[in-house]
Amino acid sequence: MGYFCGIDIGGTFTDCVVLDDRGQITLAKVSSTPPRFSEGFLNAIDAVAGRLGIPSEDFLGQTDLLLHGTTVGTNALVQMKGARTGLITTKGHGDALIIMRSAGRSAGLTIDELLHVSHHRKPDPIVPRDRIKEVSERVDWAGDVLLALNEDEARQAIADLVEQGVEAIAVSFLWGFVNTAHELRVKELIEELAPNVLVSCAHELIAKHGEYERTAAAAINAFIGPTTSSYIREIDQVTKDRGYRNPLLIMQAAGGVVPADEAARHPLFTIASGPVGGVAGAAYLAGLLGHRNVIAADMGGTSFDVGIIVDGEPITSSETIINQYTFFMPRLDIESIGSGGGSLVWVDEHTGTLRVGPHSAGAVPGPVCYGRGGTEPTVTDCDAVLGRYNAENFLGGELKLDREAAHGAVEQVSGRLGMDSISAADGALRIVESHMADLMRQMTVERGRDPRDFVVYSFGGAGAAHAVAFARELGAREVVVPLGDLASTWSALGVMSSDVLHVYEHSELLLSPFSPARMNEIYGELEQRAIEQLRAEGFDDADIELSRVAEMKFSLQIHQVEVPVPSGELTAEDAAAQIERFIARYEQIYGKGSAFPGAGTQIGLFKLLARGNVRTPAPPELEQRPTAEAGSRDVYWREFGEFRPTAVYDGPALSPGASIDGPAIIDYPDTTVVLPPGASAGLDALGNVVIDVGSAPAGARAGQSSAAVTA
């Protein structure tokens, strides 16, 4: 038996999904273990091995591929608990990281935070000014050396930083991405004089214009490097000790995986990679189902993450903002807010209004109803109070929910508002669902996309309980809960179904009309590097897939737009057509008629995405089962303004073709699908719950509850 195993660590739970060589799926969900995330990683392996009925060592020995999405780097940056870091840069440019951009005081802030301008502050520096050292060197924009590197100054800078006790040093020179010689020489000197210090060169991470963003990327890579790299190497070693024989693959923010040793060298690219697995899995499933446009919505315990798939491809971004630091990094375009099952429900002291999030109860102590010491109500507690969850059989029976404790916690909030606890619980859910719909609206409507053209894929442990509500508010018509119960651990499956992905970039300014000869030369060099690397990693040519992209803009503009470039030998006609593709993409984003071709067009960055296709077995279709009988429990429906006896179906017992009308609940071991009045759902051959969100029936408050299922 050969296994494919994906593990994703979230802020609350660590998920593990295993696919065997027959396509059978086994999953496990355990609590995350911050700050020792490796314990949660191993607990997940032990749990899934237990479900398979074999020892962990035997399971890992029979595992063909082990893939992992980690939040260690993200957590270190968000909490500002990284290594003591130094920076060596070009003389006269030591303040670039401190000055930031003009938007540094407001970058990444929420709408509420932006409104309080007097409270805007720059973030705590990743590298304090006294650990930023300047050395004499100068390269111009074309890569010509104007001033040779002063190695004596470089040696002194290294010695000073070592004396200050740094654990990592970032090296970022003004035009170091055009001519890398000076950055590489300083790297050699650091390895010679301070062999135990981690070195992070900007050009090895980012090869494009943007002094501040490139320097920030190098500094962040150094800041999180020791913690993230040691974590990756630890789990790499312990899985080998337990019998795993193949390379451990680590999820990257760009949407693919890389071998553990590469991820340990460049931990920057693991930042924000946690939610990426879910979008990658959504893209995989969308290909099977024929959905071209998808909103991938992940509601976990801590956050709500949204990614967009357009014409079969996830939307990407080259810029990331965390802790107000803006830095370059190829990644899937995913936005997040603090709206998860563990998000705290509270009352604003100043306004006396009900609020939800962004703070979370986390894995420990978690929601009050978990009985692990939590005292503040959460979204999950509100769901429990309203009867949505099976209190006796939560998480497959591994946890019994204390509904009375949840009720008491919600009363602490409702009493301060002069409301009853039921109204407060429902109000909190309305708020969090509104927050989620608003984020999805920002990703679609505010970017020129009509949500009615998209199918919503809702996953994460809490997603299916709220999907119909936020989809209705958004204006979407259809929701898919992927593979039923597997939606709870969807990001882990996404990690497992991801290909090895390397991103190669070349920064060079080309003005229209573009030279096809130069474009062919640049892409030819990038493709040669990519093929050599993927072959070295064991991929046959038949499993190597190359995709070209160019970052383009109109002259004198700032923001660039990514535009696909055809493969093969480019002709003059192809180069001219590239401008038309850019104009079409530009107007898709900014509106019809917004393009100004008369300004001239530029290419500033040539990018190549190189994939090594990992062939995992496809999940099998479900077998027909006898018609499922529905149970019942009292559930509060806001459409009726009261609790009603509601049909409850055992999700794993449903057969393909089953049809359910709301109001109804579908209980799976690890997730719960909530169908409000007016919604209906069916089960397809793969086990996806496909929901027509419909609308609340007219006069529902005075109507009668009804639910029906047909085989």
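Let me start with a pair of strands. Strand S9, residues 168–172, and strand S10, residues 198–201, pair in the parallel sense, with four bridges between them. Keep in mind that this is a predicted model.

Two residue pairs show how the strands line up. Isoleucine 169 has valine 199 in S10 as its bridge partner, and alanine 170 stands opposite serine 200 in S10. In general, side chains in a regular strand alternate between the two faces of the sheet.

How do we get from S9 to S10? Helix H7, residues 181–193, makes a right-handed β-α-β unit together with S9 and S10.

Now the whole sheet. Four strands form it, in the order S6-S5-S9-S10; the sheet is open and the pairing is parallel. Which strands stand at the edges? They are S6, residues 132–135, and S10. Each has a single partner strand, so one side of each has no neighbour in the sheet. On average, neighbouring strands here are turned by 20° against each other, if direction is ignored.

A helix packs on this sheet as well: H9, residues 211–241. H9 touches S9, S10 and strand S5, which covers residues 85–90. The direction of H9 makes about 160° with that of S9.

H17 runs over residues 516–536 and has 21 residues. From its first C-alpha to its last, H17 reaches 30 Å, close to the 30 Å expected at 1.5 Å a residue.

Which residues of H17 are buried? They are Met519, Asn520, Ile522, Tyr523, Leu526, Glu527, Ala530 and Leu534.

What covers the buried residues? The cover includes strands S23 (500–511), S24 (544–554), S25 (561–565) and S26 (601–612), along with helix H18 (572–590). Just after H17 comes glycine 538, with a positive phi of about 100°.

Leaving aside neighbours within four places in sequence, alanine 283 is in contact with Ile309 and Pro314. Valine 310 is 27 residues away from alanine 283 along the chain, and their C-alpha atoms are separated by 9.7 Å.

Conventions. Residues are numbered from 1 along each chain as its sequence is written. This is a predicted model: local features need pLDDT of at least 70, side-chain atom pairs count only at pLDDT 80 or more; totals for chains, interfaces and linings use all residues. Side-chain values use heavy atoms; hydrogens and water are left out. Two strands pair if DSSP finds at least two bridges between them. A crossover is right-handed if, with the strands pointing away from the viewer, the path from the first strand over the helix to the second runs clockwise. Axes are lines fitted to C-alpha atoms, for helices over the stretch in contact, and angles run from 0 to 180 degrees between N-to-C directions. Contact means heavy atoms within 4.5 Å. The expected span of a helix is 1.5 Å times one less than its number of residues. Buried means under 20% relative accessible area, exposed over 50%, partly exposed in between (1.4 Å probe, protein chains only).
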